[in-house]
Amino acid sequence: MRERDKIESSHTEHIGNIEIHDVIANLGSKFIKHEVISEELYYTLRDSKNAIVQGAGGYGKSEMVIAVCEALGVPYNVHVCNSGTTIDDILGPINIKKFLDEGVYEVNYEEGLFRTPGVLVLEEGFDAPLNVLTAIKDILTRKSVCYKGGSIESLVTSVIIVSNTTVDILKGDPSKEALLDRFSTVVDVDTSWSKKDYNTVLSKVYPEGDKDKIEHLSHIFSATAGISPRKAIDITDIGLNTNRECLIRSLERNNCGFGDLVLFSYHASESKKTMEHYMLQLDDIILNAPNKTKDESLADLAGLKEKASNDGVTV
């Protein structure tokens, strides 16, 4: 039996002894909205297939992929790709000594990515040049690295490409579409985060943080397009650990457009007597903001400020 076959057989048997609900429960202690990725990757890795995990950055794609590998107890290797990725990065480094001493160009295939047993995770794999993608496709097809004069067996049981861009960028190009045929699974990261989702994650990251501030920031994030959990964590860190003005600038840089709302929410939260009453009204303004212009939202805010002032709340 070939070495690769032994590795695949071992992985299949090992993963087959692990219940999928245990994997989902394991990731549930660290992530939310992970169930689809957990399930799809469970079967992909068990069957020694290949997968693409795609979607906007900042939602934990890579972290979830690695967490699944660790939950299943399979070895993995992570390689980051970009426009400067070369064939040598994939197949193995050049034997510099032999090249300098003898003028012979020789690749050390034993040190290539496909000679490391287990799962190969390619971060931003679609950013690699076409010749690199073609080489990956050929290796997945033959399950070996072919070169002039011979070949060497691939010990990678599964390849997972993690990408901020989607497979749509490969469509229309036959050579690139051929690569897609080698991937049995394409799964999208869930980016439809609600206020509850943001609040859940931010409360875990900042368990000692001001719960009122976290809740109101969660409102803002859920009402703003393109605020990833990673970005929300960065902004919340500013909100909890610096002054209001820094937070407002951070929100505006991220196109939240709710600087004045945040400033008001902080003032209002300092008045415990009327906090709940005005926080509820502020929540309504924030939730309705996507359906209004910024001027309309600020007009609503001005009206709320006036009411608060009449009730003795300093704003």
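# Notebook: salt bridges, sheet and surface

I started with R4 and E8, whose side chains meet in a salt bridge at 2.9 Å, N to O. I am working from a predicted model. Both residues lie in helix α1, four residues apart, about one turn of the helix. I looked up their cover as well: R4 is buried, and so is E8.

**Entry: salt bridges across the chain**

I searched the whole structure for salt bridges and found twelve. Side chains of opposite charge can pair when their charged atoms come close.

I looked at R2 next. R2 forms a salt bridge with E153, and the closest N and O atoms are 3.5 Å apart. This pair links distant parts of the chain: R2 sits in the segment before α1 (3–16), E153 in strand β5 (residues 150–153), and 151 residues separate them. Is E153 buried or exposed? I count E153 as buried, because its relative accessible area is 17% and the cut-off for buried is under 20%. R2 has 39% relative accessibility, so I list R2 as partly exposed. I also noted a network of salt bridges that links R2, D5 and E153.

I moved on to K33. Its salt-bridge partner is D197, with the closest N and O atoms 3.5 Å apart. Here too the pair links distant parts of the chain: K33 is in the loop between α2 (20–28) and α3 (35–46), D197 is in helix α9 (residues 195–205), and they are 164 residues apart. K33 comes out as partly exposed, at 24% relative accessibility. D197 is buried, with a relative accessible area of 14%.

**Entry: the sheet**

I traced the strand order. The open sheet has five strands in the order β2-β3-β6-β1-β7, and the pairing is parallel. Which strands stand at the edges? I found β2 (76–80) and β7 (185–188) there; each has a single partner strand, so one side of each is left without a neighbour in the sheet. From one strand to the next, the twist averages 20°.

I went through the pairings around β6. Strand β3 (residues 118–123) pairs with β6 in the parallel sense over six bridges. In that pairing I found G118 opposite V156 in β6. Strand β1 (residues 51–54) also runs parallel to β6, and four bridges join them. There A51 stands opposite I160 in β6.

How many residues of strand β6 are buried? I counted eight of eight for strand β6 (residues 156–163), so I call the strand mostly covered under the buried cut-off of under 20% relative accessible area.

I followed β1 to its pairing with β7. Four bridges join these strands, which run parallel. Q54 stands opposite D188 in β7.

I then checked which helices pack on the sheet. Helix α3 touches β1, β3, β6 and β7, and its direction makes about 165° with that of β7. Helix α4 (residues 61–72) packs on the sheet too, touching β1, β2, β3 and β6. The direction of α4 makes about 160° with that of β6.

**Entry: V186**

I looked up V186 in strand β7. V186 has 42% relative accessibility, so I list this residue as partly exposed. Leaving aside neighbours within four places in sequence, I found V186 in contact with I52, Q54 and V167. I also took the C-alpha to C-alpha distance from V186 to I160: 9.7 Å in space, for a separation of 26 residues in sequence.

**Entry: S154**

S154 is in the loop between β5 and β6. Its relative accessible area is 2%, so I list S154 as buried. What does S154 contact, apart from its neighbours within four places in sequence? I found R4, F114, I139, K143 and S144. R4 in that list is the residue I began with, the salt-bridge partner of E8.

**Entry: surface patch**

Last, I looked for nonpolar side chains on the surface. I96, F99, L100 and Y105 form a nonpolar patch there, with about 450 Å² of accessible area together. I placed Y105 in the loop between α6 (96–102) and β3.

Note on methods: Residues numbered from 1 in each chain as written. Predicted model: local features only at pLDDT ≥ 70, side-chain atom pairs only at ≥ 80, totals over all residues. Heavy atoms only, no water. Buried < 20%, exposed > 50% of the residue type's maximum accessible area, 1.4 Å probe, protein only. Helix = DSSP H or I, 4+ residues; strand = E, 2+ residues; numbered from the N terminus. Pairing = 2+ DSSP bridges. Salt bridge = Lys/Arg side-chain N within 4 Å of Asp/Glu carboxyl O. Axes fitted to C-alpha atoms, helices over the stretch in contact; angles between N-to-C directions. Contact = heavy atoms within 4.5 Å. Patch = residues over 30% accessible without salt bridge, like charges linked within 9 Å, V, L, I, M, F, W, Y side chains within 5 Å. Areas by Shrake-Rupley, 256 points an atom, 1.4 Å probe, with all protein chains shown as cover.
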